[in-house]
Amino acid sequence: MSIKVENLTHIYDEGMPFANKSLDDVTLEIKDGDFVGLIGHTGSGKSTLIQHLNGILKPSSGKIYINDFDITVKGLNLTEIRKRVGVVFQYPEYQLFEETIEKDVAYGPTNLGLDSNEVLKRVKEALESVGLNYEKFKDISPFDLSGGQKRRVAIAGVIAMNPEVLILDEPTAGLDPGGRDEIFELIVNLHKKKNMTVILSSHNMDDMAKLANTIIVMNRGKVEFIGTPKEIFKSHSKRLKEIGLDIPQVLELAIKLREKGFNIREDIITIEEAKEEISKFIHQRIDK
């Protein structure tokens, strides 16, 4: 399910004295099945872009195509698009409201007009896909869960709509390291098992280097760079710092080691790569 954005501009409070151009002539393409990392400092336009991709926000100008279908046409019923493009906002557990987990996850599919058997099937599959056993959790109040479990239930509510594209805006915000790792593992598994297109917004460069296949860098409402993690972090590290972004800590370490004479690769961006490269260097020294 491809997504094409052409010359997208969005102005908040357009025509008012305090109008703010949040997106400025953005053009990009997201290919079917890709895992995209969306990065940028606060105010760069990431969240505004995300909210355009299933019609939550309307552009001031420009076009958005979902499978070559223009979703910016005035008067268009976007129900079908929102079935196929699911969005998980920051702190999605704040949107939980039903008395049981089953009812909460079933809310979306029920509103699609599906029969009860199909709704039940989707609830079971969605809960299992986020690592929560249906029989064990279905009658529990979502408010009795841990923070990480609440986040899982909220994601299950989106998964139950059977989207082809899953968009997540800072999905691990506020979680402890263990909860963060669980959510990222969940997202990776969903991408692999369901072949979903995933768009993940995050401030954590180490996570982006490890998870994403493609990275889109936003800056002041524009697309600064698009490329693979290695292309972005190796070739544009200086510019990323100039616009207020970090680079992966492992890359910082590799740069400092090279400055001290260690003959290791310049494009190391994950811990696994660092372990392998340092191990090679140590063995080379021992052999000498």
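Is Y91 buried, partly exposed or exposed? Y91 counts as partly exposed, at 29% relative accessibility (buried means under 20% relative accessible area, exposed over 50%, partly exposed in between, with a 1.4 Å probe and protein chains only). The model is predicted, so local features need pLDDT of at least 70 and side-chain atom pairs pLDDT 80 or more, while totals for chains, interfaces and linings use all residues. Residues are numbered from 1 along each chain as its sequence is written, and side-chain values use heavy atoms, without hydrogens and water.

Two aromatic pairs were found (ring centres of Phe, Tyr and the six-membered ring of Trp within 6.5 Å; planes under 30 degrees apart are stacked, over 60 edge-to-face, the rest tilted). Y91 and Y94 are stacked, 5.4 Å centre to centre with 10° between the planes. Y94 is exposed, at 66%. F97 and Y107 form an edge-to-face pair, with centres 5.1 Å apart and planes at 85°. F97 lies in the loop between β6 (85-88) and α3, and Y107 in helix α3 (helices, H or I, of at least four residues and strands, E, of at least two are DSSP runs, numbered from the N terminus). F97 is partly exposed at 46%, and Y107 is partly exposed at 41%.

Helix α3 spans residues 101-111. Its buried residues are I101, D104, V105, A106, G108 and P109. They pack against α4 (116-129), α5 (134-137) and α6 (147-159) (contact means heavy atoms within 4.5 Å). Just after α3, G113 takes a positive phi of about 85°.
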